[in-house]
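Please have a look at the sequence and the model as they come up, and then I will take you through a few places in turn.

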Amino acid sequence: MAGADGDDSLYPIAVLIDELRNEDVQLRLNSIKKLSTIALALGVERTRTELLPFLTDTIYDEDEVLLALAEQLGNFTMLVGGPEYVHCLLPPLESLATVEETVVRDKAVESLRKISQEHSPVDLEVHFEPLTLVMPTLRQAAEDKSWRVRYMVADKFSELQKAVGPEITKNDLVPAFQNLLKDCEAEVRAAAANKVKEFCENLPEDSREQIIMTHILPCVKELVSDTNQHVKSALASVIMGLSTILGKDNTIEHLLPLFLAQLKDECPEVRLNIISNLDCVNEVIGIRQLSQSLLPAIVELAEDAKWRVRLAIIEYMPLLAGQLGVEFFDEKLNTLCMAWLIDHVYAIREAATCNLMKLVEKFGAEWAQNTIVPKVLGMANDPNYLHRMTTLFCLKLYWLLFFENTFVACGQDITTKQMLPVVLKMSNDQVANVRFNVAKSLQKIGPVLDSNALQAEVKPVLEKLATDTDMDVKYFAQEAISEPLSHSSLITSLATAAL
């Protein structure tokens, strides 16, 4: 074997070279995982002078091999002679930190951070810190032919900005960031768009507004109408935050038109991201200006001819209501929410019903009793039977809400005095669908009624419906009679749950 050549000490490095050049990836991977053993056999000096240069020169392989190498080198300090020589590990790790595969770069950076703690202060300044001299590499990476490299630059841009300081940011990073916002690949633009607010926040205070208005905002305006929905969505999630940076006047003049454009975007996620951040703008320009500018767009969407657009706005309404407050909501948006209850599309009516329940949870039972319940009960006399059924659907959800939140006293009072008489009257409706929904509603009403009301008012109506000529009405009435839930049993169940 190697002893025949007179130098057994060459055998480990010879095996390493042979295995690293083997066509079998697994053999190459196994060899890398044995690096510590090989380094021990070679000794610290030969590891520094032979093994590390060899590894640095041969960093071209499958990602899993490079990943293993990056991890191994992070534990090599003692194998190269301790902290005095740990800087020898920098060249191969620096090369690994520039490869295309993300996981390899991340592992190399992790190992670099690990060995940085093992440098002496002097060596850290002499050998390690020159690696923070990143601008030549950064410029090259920001223009790299591989979009994945440019993507990583965009993704880590805020960290780079904090590392290099204000002067380099103004002179070098602003142009680089502009290029990333205009990149030909949507993934890169999206990553850069997601960093717009953070990048602007970290700009030097003395020149922040000028840089944003001159260099960043023109790019942002282009991204608002980007062809890729992920880019627009990423921008919409952060763009509202620019209002707190640029102030009231700039927000009204330059940002509000962009917000309005995104509020009308065909992509639901874009609209959601804008609406979910309205509080940022509200803090800067106030609710009056916000209502004058954005409310018309919201109303327009709420009345859009496409029912899916209307549905999207309904889903955002509880979030919007929470941001704008109950007084503004009652004044500006309540009418819209009630109008959706009589929409000609069932999906809209159903969503509007659920929307009201979420608003009740947000604004409270007293608000519901004063604002919503009277309007819902008024629909019981609507000529359209579909609207009358919506009344029952709303009431059933109210009872469920009272039950789940244990608003028993409040729920009982509202139910007995306001809701129950209306539901009982609807048991005489000419449409069978309404009557069997009355039976289903009365089955749900039990938890918030006392036994007197159940026996004196509900039971006779259910018995009458149980003899109805319509089979569905009869079925649901009989089911309600056979499975009544009294107020006392509700209290028992709540007490058991509390235990």
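Predicted model: local features only at pLDDT ≥ 70, side-chain atom pairs only at ≥ 80, totals over all residues.

Let me begin with helix α20, which bends by about 40° at M317, with a proline, P318, following within four residues; the bend at a residue is taken here as the angle between axes fitted to the seven residues ending there and the seven starting there. Residues are numbered from 1 along each chain as its sequence is written, and side-chain values use heavy atoms, with hydrogens and water left out.

Helices, when I name them, are DSSP runs of H or I with at least four residues, and strands are runs of E with at least two, numbered from the N terminus. Helix α20 covers residues 307-324, which is 18 residues, and reaches 25 Å from its first C-alpha to its last, close to the 26 Å expected at 1.5 Å a residue; that expected span is 1.5 Å times one less than the number of residues. Is this helix mostly covered or mostly open? It is mostly covered, as 13 of the 18 residues of α20 are buried, where buried means under 20% relative accessible area, exposed means over 50%, and partly exposed is in between, with a 1.4 Å probe and protein chains only. Just after α20, G325 takes a positive phi of about 95°.

Let me turn to the aromatic rings. Rings of Phe, Tyr and Trp (for Trp, its six-membered ring) are said to pair if their centres lie within 6.5 Å, and planes under 30 degrees apart count as stacked, over 60 as edge-to-face and the rest as tilted. By this rule the count comes to nine aromatic pairs. One of them is F157 with F177, a tilted pair at 5.1 Å centre to centre with 40° between the planes. This pair links distant parts of the chain, since F157 is in helix α11 (residues 157-164) and F177 is in helix α12 (residues 166-181), 20 residues apart. Both F157 and F177 are buried, and together with F199 they form one aromatic cluster.

A further pair is F436 with F476, whose ring centres are 5.2 Å apart and whose planes stand at 25°, so the pair is stacked. Here F436 belongs to helix α27 (residues 432-445) and F476 to helix α29 (residues 471-482), 40 residues apart. F436 is buried with a relative accessible area of 14%, and F476 is buried too, at 17%. The charged end of K440 sits over the ring of F476, 5.0 Å from its centre, and a charge sits over a ring if NZ of Lys or CZ of Arg is within 6 Å of the ring centre and within 35 degrees of the ring normal. Elsewhere, R48 lies over the face of Y85, at 3.7 Å from the ring centre.

My last topic is charge pairing. Side chains of opposite charge can pair when their charged atoms come close. How many salt bridges does a search of the whole structure find? It finds 13, a salt bridge being a side-chain nitrogen of Lys or Arg within 4 Å of a carboxyl oxygen of Asp or Glu.

One of them joins E198 and K162, at 4.0 Å from N to O. E198 lies in helix α14 (residues 196-201) and K162 in helix α11, so the pair ties together parts that are 36 residues apart in sequence. E198 is partly exposed, with a relative accessible area of 30%, whereas K162 counts as exposed at 56%.

Another joins R435 and D468, at 2.9 Å from N to O. R435 lies in helix α27 and D468 in the loop between α28 (451-465) and α29, so this pair ties together parts that are 33 residues apart in sequence. R435 is buried, with a relative accessible area of 12%, and D468 counts as buried at 12% relative accessibility.
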